[in-house]
Amino acid sequence: MSRFLSEAPDPRALDPDVPGPDRGPLGVLLVNLGTPDEPTPSAVRRYLGEFLSDPRVVELPAALWQVILRLFILTRRPSAIAPKYAQIWLDRGSPLMVYSRDLADAVAASLRDRGLDTRVELAMRYGRPALPAALESLRAAGCGRILVVPMYPQYSASTTATVVDAVAAHLARLRHQPTLRFLDRFPTSDVYVDALHRSVRAHWDQAGKPDRLLLSFHGLPQRVVRKGDPYFRDCMRTARALRERLGADGERLHVAFQSRFGAEAWLQPYTQPTLEAWGRDGVGTVDLMCPGFLADCLETLEEIDMGCREAFLEAGGRAFRYIPCLNADPDWARDFAGLIADNLAGWK
């Protein structure tokens, strides 16, 4: 059996007068993490099985981890997590999918408005739409040059690098590989930090300023950072850039890390214990935003806006106000398209 994907014969490959793939439209592949297809235990089990089997996500010996995953985690967690997905599910589907799709559509429209001949596809690293299928869709559209954009502003081996791995694995099966570029991070990009700043200011103009503004980033095991993962540095660079952009109000800004899993130490301070301590200490109003997520999802809507809200108020806090992710905000979509266009430069 050939190691390469089966493809129909292409007589153009024997014709030197046929234009090469550098004459076709430019491909843009937006990649987010993924989501179950529906809020049911079986769908959650399929999704978690793929997600947690990635050695970039869980850095344990595969033989040991697969026993733990199959015998303990996948037999218990899907039934516990599915109702949480059901709480946040939208009429159009998973929030992460809905907002990611809307952003991809808005980016595609903005790139067209800029006069760029582009094709934009959305993929999920785990689940559907599958990354290989999205790449093949771009190739079928004649895209011989593709910019891959992981939808993670801060780089981590457990997120961004997995996208690179998956793209490379698919290309390893092709005879004629497209030319690739990666936009691997943008933690201090002006358009990204400006979008965060606009979001905060718009919220404050409507609701007033809080006692404190907490930026909650997804957590990561401390041992991974000590081994060289740049994620913590990127998160703190984002926080510093937004603090500077806020001027004197930057003093209100604090940073914490959420979604800890397992018994080992993760990046600290942890989000929920921080909020509980603030509530006990008499901090009245807290605004919270999750700048590491471009689209609202289970971790922002259920864990933060529901679970952390309840924990803060029960600890004595007066008001908890969640500032949504950038999602498909029109100004952000336009500026994100501009960032993508900058990374397409030279291919125009």
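Okay, helix 8, residues 231–245: this helix lies across strand 5, strand 6 and strand 7, and runs at about 155 degrees to strand 6. Contact here means heavy atoms within 4.5 Å. Axes are lines fitted to C-alpha atoms, for helices over the stretch in contact, and angles go from 0 to 180 degrees between N-to-C directions. Helices (H or I, at least four residues) and strands (E, at least two) are DSSP runs, numbered from the N terminus.

Quick note: this is a predicted model, where local features need pLDDT of at least 70 and side-chain atom pairs count only at pLDDT 80 or more, while totals for chains, interfaces and linings use all residues. Residues are numbered from 1 along each chain as its sequence is written, and side-chain values use heavy atoms, with hydrogens and water left out.

Helix 10, residues 298–314, lies across strands 5, 6, 7 and 8, at about 165 degrees to strand 8.

So what's the sheet itself? Four strands, open, in the order 6-5-7-8, with parallel pairing; two strands pair if DSSP finds at least two bridges between them. At the edges sit strand 6 (253–258) and strand 8 (319–323), each pairing on one side only. Strands 5 (212–218) and 7 (285–289) share four bridges, and Leu215 has Met289 as its bridge partner in strand 7.

Last stop: helix 3 (95–113) and helix 11 (330–343) pack at about 65 degrees, axes 8 Å apart. The contact includes Leu103 and Val107 of helix 3, and Trp332 and Phe336 of helix 11. Its residues divide into ten nonpolar, one polar and one charged. By that count, Ala, Val, Leu, Ile, Met, Phe, Trp, Tyr, Cys and Pro are nonpolar, Asp, Glu, Lys and Arg are charged, and the others, Gly among them, are polar.
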